[in-house]
Amino acid sequence: VMASVTHLQKDKLRLQEELLELQGKLAAQENNELSLSLQLQGQVETLKAKLLEQAQEISRLRSELGGTDVEKHRDLLAAENERLRQEMKACEGELRELRRQQQAPCRDCPHLQENAGLQEQLSQLQREAEETRAKLVELDLEVQQKTNRLAEVELRLKDSLAERAEEEERLSRRLRDSQETIASLKSQPQQIKYIIKTVEVESAKAKQALCETQSRNQYLQEQVGMQKQVLKEMEQQLQNSQKTEAQLRAQIMMYEAELERAHGQMLEEMQAMEEEKNHAIEEAFSRAQVEMKAVHENLAGVRTNLLTLQPALRTLTHDYNSLKRQVRDFPLLLQETLRSARAEISQAIEEVHSTNRELLRKYRRELQLRKKCHNELVRLKGNIRVFGRVRPITKEDGEGPEAANAVTFDAEDDAVLHLLHKGKQVSFELDKVFPPQASQEEVFQEVQALVTSCIDGYNVCIFAYGQTGAGKTYTMEGTAANPGINQRALQLLFSEVRSKAADWDYTITVSAAEIYNEALRDLLGKEPQEKLEIKLCPDGSGQLYVPGLTEFRVQSVEDINKVFEFGHIKRVTECTNLNEHSSRSHALLIVTVRGLDRSTGLRTTGKLNLVDLAGSERVGRSGAEGSRLREAQHINKSLSALGDVIYALRSRQGHVPFRNSKLTYLLQDSLSGDSKTLMMVQVSPAEKNTSETLCSLKFAERVRSVELGPVSRKAELGSWPSQEHLEVLKTLLGDSPGSAAPPGRGHASPSPGQLSSRSASIRRKLQTSG
Ligand code: ADP
Ligand code: MG
């Protein structure tokens, strides 16, 4: 700080010097200007003098010539004069300006702040120094006081010593006096004694004088004793004073030592304080320097920052302004947008509404059309379709001429099959014929349309007909590796139902039953031996049902497999020879599909009956007896009853003998008017089976020629909530009078008059075209 102070002082001195210098310069300049102005004034003076002279000259000349040249000259001179005056003015202005500049203090100087800071520091340091100095003065004062006190004590001591010395002197004087007196007194008595003796001897007078002397002597002796006493006291006093003196001396020494010590301590303290002061000053100075440096650095950083920030600030301000504008405009914009969006949305909703209405209308029309088309298609194909399937020759057929192939096919027409029977070729035309190499899949391809129509609410029957060993079970059940129609149909139903799950709720249930010797048994029930009865629904609907027939709800292929396995186990445990038993019993798998259209509330129920019929071979010929004969009679009865029913349906007889067998009775509602039937006639190609094959094919042809009534969907009225739904139903069922009948349909097939005019016209066309 001292250094900086000295430095500052130096600066100040330097500045003062500079100031002085400048002042000197200014003075010089002023002098200069003064001289210049003086000079100018002198010039002006001379010019004025000249002017005067000229004027005089002019007047003189004018007086002489009255001349004009002189006037011109005068004018020129006047101009000159004016110019000079102007010049002088400018010089004066300059002078003034210079003065003003010198007076103007230095403002906004960057060092000013620095200087102020330093001055601040300086004043602080000065304050500190002042404080220290004050402390020092205090300490000095203290020392002074102590010294004064010491001097006082010394003075007092001296005084007391002097007193003591005086006293001593006095006492020793008195002692000396007393001794002298004593000595004088001592020397006196001998004289007295002598006198006394002489006196005693001489006279009484002398005796009196002696007495007097003696009394005087006594008095003197008393006085001596007194004097001795006083001396003793004096000696005592002296001793006391000597003791006191020694004590005082010791005290003085002590005081002196103390003083010395205090002095030393004080000196030390002063030293320490000095050091402390120096240290503090140094520290403050270094701190101030560091801070100064940091402040400088900060300042530099801030300056650069400021420089870089300025453009950013500019852009930010710009952005901010634009944002502010946007924010101000935002609510308006938002409102506008919202309004337009609302309008758009309501418009869109309106559009969607109208589109929806339009779509619903189209949907209804399409439904109607689809139904019509379907009906027409079925009509074109025939409600009873008959397929033939020829199994391959197997090992069981043996060898030789008996196992020769008796069946050939038409390369052009897949519906034609030729049988070589007793040397004659008989041809049969069915709806389709599957050769031995046809796979299970190919067969199912032809069947699947029927299966899916069951989802739409149609009843469907698929029969496998044929002699034992012709492949009925293979076609219906198949093998585990190559499943037949049963499993494939259920799989298809599942996938169809899944694909329609968005609009429809479907439940699929399965039942399995067998008819043996005209007795109906539940293959999935707890009591397989129990004979089940077929009964009319008690609700008066005219529908049939089998009380106690087990229904399993199935949802996946795994469920079906379980059901099939269960059914097989039932059959196996019950019979010793499954093949033989199965050849004499009808096996039925009844799949019921119930659907609910969620959007319209329409309910549908479709039944798919998959029937593996008993062997169609004629038994009676070989002269069977007893139970075998009864079995054969039952089989023949039920198969011929099936034929009769189909025939009656085909020929539209008033009475259809459904009740003639358990099978036809049970399948009554799946065979009558609105249902579809597929008869898969299985034949063996072996030469030895040709007569049975012939019978089967004849049966097939007979069945094929029969036609069922108009097909209608079994639509039921659900709980219709509105007029709209009723209209939907009307449009759905509108031009199909047969299907508009109540759900509980009678046994009789619908009359031809109930057919729609359109389908009738199509049939007419077909008939005329042959
Ligand atoms: P059914 O049930 O009519 O008595 P099966 O279905 O039991 O006759 O068939 C008898 C035999 O012929 C079985 O071994 C079966 O595997 C075989 N079979 C039947 N049809 C075919 C076919 N299309 N392809 C291969 N083998 C078949
Ligand atoms: Mg079989």
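Helix H5 contains a kink of about 45 degrees that is centred on Val447, where the bend at a residue is the angle between axes fitted to the seven residues ending there and the seven starting there. The model is predicted, so that local features need pLDDT of at least 70 and side-chain atom pairs count only at pLDDT 80 or more, while totals for chains, interfaces and linings use all residues. Residues are numbered from 1 along each chain as its sequence is written, chains are lettered from A and ligands numbered from 1 in the order in which they are written, and side-chain values use heavy atoms, with hydrogens and water left out.

Helices (H or I, at least four residues) and strands (E, at least two) are DSSP runs numbered from the N terminus. H5 comprises residues 440–453, and its 14 residues should span 20 Å at 1.5 Å a residue, which agrees with the 20 Å between its end C-alpha atoms; the expected span is 1.5 Å times one less than the number of residues. Several residues of H5 are buried, among them Gln440, Phe444, Val447 and Leu450. Buried denotes under 20% relative accessible area, exposed over 50%, and partly exposed in between (1.4 Å probe, protein chains only).

The residues around ligand 1 include Arg389, Arg391, Pro392, Gln467 and Thr468. By class, this shell holds three nonpolar, five polar and three charged residues; Ala, Val, Leu, Ile, Met, Phe, Trp, Tyr, Cys and Pro count as nonpolar, Asp, Glu, Lys and Arg as charged, and the others, Gly among them, as polar. Helix H6 (residues 472–476) gives the most to the shell, with three residues. An oxygen atom of ligand 1 lies 2.6 Å from a polar backbone atom of Gly469, and a backbone N or O atom of Gly471 is 3.0 Å from an oxygen atom of the ligand. The protein covers 73% of the 550 Å² of accessible area that ligand 1 has on its own.

Asp522 is placed in strand S8 (residues 519–522) and is buried, with a relative accessible area of 3%. Its side chain makes a polar contact with the side chain of Thr550 (2.4 Å) and reaches the backbone nitrogen of Leu524 at 3.0 Å. A polar contact is a pair of N or O atoms within 3.5 Å; within protein, one must be able to donate a hydrogen and the other to accept it, and residues adjacent in sequence count only if both atoms are side-chain atoms.

In the loop between S7 and S8, Glu518 has a positive phi of about 60 degrees although it is not a glycine.

How values were computed. A residue is near a molecule or strand if one of its heavy atoms lies within 4 Å of it. Accessible areas come from the Shrake-Rupley method with a 1.4 Å probe; for residues, only the protein chains shown count as cover.
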